[in-house]
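Dear colleague,

Please find the structure below, handed over for your records. My notes on it follow.

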Amino acid sequence: MKSSFQKKLFLKSSIIIISMVLIFLIFFSNYVYREISKTSLNNLNELAAKTGNELTLLFDDMDKISLYVSTNPDIIRAFHDTRMREVSNQELSMSIYNIITSITVPNSSSRFRINLFNDKRNFISTGIPYSKSMVIDKLSSEDYLQWYQSLPIIHSNSNITPLSSDTWNSKPTQFISLYREIFDSIVIDLPTGIVEIQCPSKFIEQIMALDVPNVDSYLYAADGTAIYGTSDKIPALAGLPFDRKGSPPDLTPSYTIADNHVYSAVRLENGWFLLLAQHQNQVFQIVFRLCVSVLLISVCILLICLAVLFKIMKNTTEPLRQLTASVNMITLNSPYLNVDTSQYSNELAGLTMAFDEMMKRLKNSMEENVKAKAYEARANMIALQSQVNPHFICNILTIIKAMSREQDTEKIGQICDYLARMLRYISAYDQEGVPMREEINDAETYLNLMKIRYEGLFDYDLYINSKLDIDAFRVPKLFLQPLLENSFQHGFKKVVPPWHLKIACTIKNDYYWSITVQDNGVGINDEEAEKIQKKLSEFMDNSSNTIASLKIGGMGLINTIARLKMRYPDSLTFHIRSLEEGGTLIEIGGKLDDEYFTC
């Protein structure tokens, strides 16, 4: 069986090791979270910058093509002719066909569609195929000119529009379009046509479809209108703290954290915004998986360390455990150690033998000392109990004699009954004390005798707190009567009747009992109270000599306090003082023992 020392040592060591491991895990988790968050943010910014560059390159390609077409002299001359005279689409196509075909290959695999048209209903296109019938219908429609005037053209500059349906084909393919004006060769700053570069949405989707899981991408126009998103729920750019007003084109990403997401935004050269979003739970999951792995490894290492620690402590503390067990088995009848010292070190063997020899030398003196103390304590208790004022009995017998002369037989009978009760109570010695109720009953017997003796000159009140079970705790016999006698011997001698006593038995804080005796006598001064405390100290220091030197009936308060001190050595309280309104207050109390609460 493991010793208490071995258990405590192992337990404390285990707590220290486990605490260090937990502290390490907390700091490690915090460090990993910050590093992974930083890495994720850097990766998100790099991805935003890379994606922004790809979109910028796409838009630059569209703009370069539009710029090349709009500034080509042959195309400018051809559109100048359409302004001066009526030119058919076939004639326009033949004049600039070679130029257009040099820019892109007119088949279905072309990346863009290049459209050239004007307000004269001329149209030519190359690149991604278009629908001839739909083009004819559009050019011949009555609202063509109105549609032409409503195009989002920026004078002397290009403009990219968000995704929209194809104007020149009925297929459900969406395009982004870049528009640029073609100016006249003669009249400066006079538009003669429009170049439209169309890019299918699939190229945008290819760039926006990131190869990184759990990261969504969104594209916004310069005014914050959502253009494209890889998820159904597109966040409002206006609700995120990105400053778009007055900021120049910048491909350096800026980030913010909102709605449990990390957002990284890039402002493209055309004023559009690219936004990447990653939920913070992704970072938490990565940290959680890593921490769980580290925790499992730490637990395994911890169990191994605790097993090794337990083995080491067991081997180290086993000699002390055996020595402790042997010491605990020592009694007065067998004061010897039962430890095999041959298997231990010389130091432990020497300690064991020295302790064993010491126990042998102390055995005889311990036995004699214990017996002497037991006899002395019993003799002291008997001596203290015998010190109850015997002259009180003499006074009572004198009262009986006087009443016999007056032939007051009824009162004589009452006095004899009370006296018999008191003598019966006094004569029965009880080493373990008596219940508080019996002591209170004896005190009432004494007080009733005093009422008979002094007739109407004396009265008393007795109060017992209902929360205090006076049958459940024991006190030394005849400790209360000397407190009452003290009032008659000292308090009432120089005070004119009527005399009054108040006795209260209460409980404090559910653990302490208290008895107070209050009279309306002459009171006690500080010098007398100090003498009582001094006598009590002398008695407790040398009780046997003090008892032998005292006269019968000379104990008084010292008798009571001393016997209570023997029963309540650590918790007894005693106070004696004068009251402002006159009289003396004595208060004695102690802590209720375990027996009280188990009754």
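An open sheet is formed by 5 strands in the order β12-β14-β15-β17-β16, with mixed pairing. Strands here are DSSP runs of E of at least two residues, helices are runs of H or I of at least four, and both are numbered from the N terminus; two strands pair if DSSP finds at least two bridges between them. Because β12 (458-464) and β16 (573-578) stand at the edges with a single partner strand each, one side of each has no neighbour in the sheet. From one strand to the next, the twist averages 10°, where axes are lines fitted to C-alpha atoms (for helices, over the stretch in contact) and angles run from 0 to 180 degrees between N-to-C directions.

The model is predicted: local features need pLDDT of at least 70 and side-chain atom pairs pLDDT 80 or more, whereas totals for chains, interfaces and linings use all residues. Residues are numbered from 1 along each chain as its sequence is written, and side-chain values use heavy atoms, without hydrogens and water.

Within the sheet, β15 (residues 512-519) and β17 (residues 584-591) pair in the antiparallel sense over 7 bridges. Ile 515 has Ile 588 in β17 as its bridge partner.

Helix α1 (residues 4-70) contains Ile 26, and Ser 37 is also found in helix α1. Ile 26 counts as exposed, at 58% relative accessibility, while Ser 37, at 23%, counts as partly exposed (buried is under 20% relative accessible area, exposed over 50%, partly exposed in between; 1.4 Å probe, protein chains only). Ser 37 and Val 283 are 246 residues apart in sequence, yet 6.4 Å apart in space, C-alpha to C-alpha.

Yours sincerely
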